[in-house]
Amino acid sequence: MQIILEGVDASGKSTLAKALLAELNGYSYYSSEGPEKYAGEIIERIKRYELQHNPLAIYDRHPVVSHPIYSRTVLWMSDIPHAVRRDFYSRPDRLFVYCLPTAAGFDAHEEVEGIDTAEHLAMVKREYPRLLNDYNEWAFRRAHMLYRCGQDFEATVQRILKAAR
């Protein structure tokens with residue numbers, strides 16, 4: 001089972017991933033690589049992930065999910081072809097967990113060196129309400145589970161572990 005943790009910045013994805021990794025033997029962890037580096041790079045990244053086809057993986061964001069959401073605010077980003085999105089979501093071996101932030105929102109964000117550029121952080125801060133709304137819309141259609149950052153952490157970890165096994 002692939003576990004895909006999604007949500008806006010500062011929603012507890014990395015913390016949840018670390019707790020899951022401590023419990024799930026044989027799982028690999030794929031951290032977010034941030035926004036698209038150049039035109040077409042996101043497609044290369046998706047192909048690389050698919051070629052690895054690790055059935056025991058935890059993704060702290062997956063570009064097929066996060067890229068379309070963030071590209072609504074950064075219009076220069078490449079499109080992900082519909083067929084790629086359709087194939088991605090049609091796989092039954094993926095568990096989507098939507099992580100919601102605390103009331104502190106973006107103010108709780110911890111900068112990730114090498115990923116968070118000043119420009120990207122300014123955009124996320126400016127567009128945070130829209131990004132949160134877009135993620136909420138995605139979660140309504142796609143998420144299997146919901147986790148509110150800091151709330152019932154151990155119970156959430158146990159529910160995900162049960163679903164992944």
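# Close-up views of a predicted model

**View 1. Helix α3 is largely enclosed by the rest of the structure, because seven of its eight residues are buried.** The helix covers residues 63–70 and belongs to a predicted model. Its buried residues are Pro63, Val64, Val65, Ser66, His67, Ile69 and Tyr70. The surroundings of these side chains come from several parts of the chain: the buried residues of α3 pack against strand β1 (2–6), helix α2 (41–52), helix α4 (82–90), strand β4 and helix α5 (118–142).

**View 2. Valine 64 sits in helix α3.** With a relative accessibility of 2%, valine 64 counts as buried. Leaving aside residues up to four places away in sequence, valine 64 touches Ile46, Ile80, Val84, Arg85, Phe88 and Tyr89. Isoleucine 43 is 21 residues from valine 64 along the chain, and the C-alpha atoms of the two are separated by 9.0 Å.

**View 3. Arginine 61 lies in the loop between β3 (57–60) and α3.** The phi angle of arginine 61 is near 80°, a positive value in a residue that is not glycine. Arginine 61 has a relative accessible area of 11% and is therefore buried, the cut-off being under 20%.

**View 4. Strand β4 is mostly covered, with seven of its seven residues buried.** The strand spans residues 94–100. Side chains in a regular strand alternate between the two faces of the sheet. In β4, Arg94, Phe96, Tyr98 and Leu100 point one way, while Leu95, Val97 and Cys99 point the other way. Both sets are buried.

**View 5. Strand β4 pairs in parallel with β1 and with β5.** Five bridges join β1 to β4, and four bridges join β4 to β5. On the β5 pairing, valine 97 is bridged to methionine 145, and tyrosine 98 to leucine 146.

**View 6. The side chains of strand β5 (residues 145–148) alternate between two faces.** Met145 and Tyr147 point to one face and are buried.

**View 7. Aspartate 152 is in the loop between β5 and α6 (153–164).** Although aspartate 152 is not a glycine, its phi is positive, at about 50°. The relative accessibility of aspartate 152 is 55%, so this residue counts as exposed, the cut-off being over 50%. Arginine 61 also has a positive phi, but arginine 61 is buried.

**View 8. Histidine 53 is placed in the loop between α2 and β3.** Histidine 53 is partly exposed, with a relative accessible area of 39%. Residues up to four places away in sequence not counted, histidine 53 touches Arg91 and Asp93. Histidine 53 and glutamine 2 are 51 residues apart in sequence, and their C-alpha atoms are 9.5 Å apart.

**View 9. The whole protein chain has six helices and five strands.** Along the sequence these elements follow the pattern β-α-β-α-β-α-α-β-α-β-α. The radius of gyration is 15 Å, close to the 15 Å that the globule rule gives for 165 residues, so the chain is as compact as a globular protein of that length. The C-alpha atoms fill a box of roughly 40 × 35 × 30 Å, taken along the principal axes. Buried residues account for 47% of the 165 residues. Among contacts between residues at least 6 apart in sequence, 76% join residues at least 24 apart.

**View 10. The accessible surface of the protein chain is about 8700 Å².** Carbon and sulfur atoms contribute 54% of this surface. The chain carries 21 positive and 23 negative side chains. The centres of these two sets of charges are 6 Å apart.

Terms used:
Residues numbered from 1 in each chain as written. Predicted model: local features only at pLDDT ≥ 70, side-chain atom pairs only at ≥ 80, totals over all residues. Heavy atoms only, no water. Rg over C-alpha atoms; globule rule 2.2 N^0.38 Å. Buried < 20%, exposed > 50% of the residue type's maximum accessible area, 1.4 Å probe, protein only. Contact = heavy atoms within 4.5 Å. Areas by Shrake-Rupley, 256 points an atom, 1.4 Å probe, with all protein chains shown as cover. Lys, Arg positive; Asp, Glu negative; His and termini not counted. Charge placed at Lys NZ, Arg CZ, Asp CG, Glu CD. Pairing = 2+ DSSP bridges.
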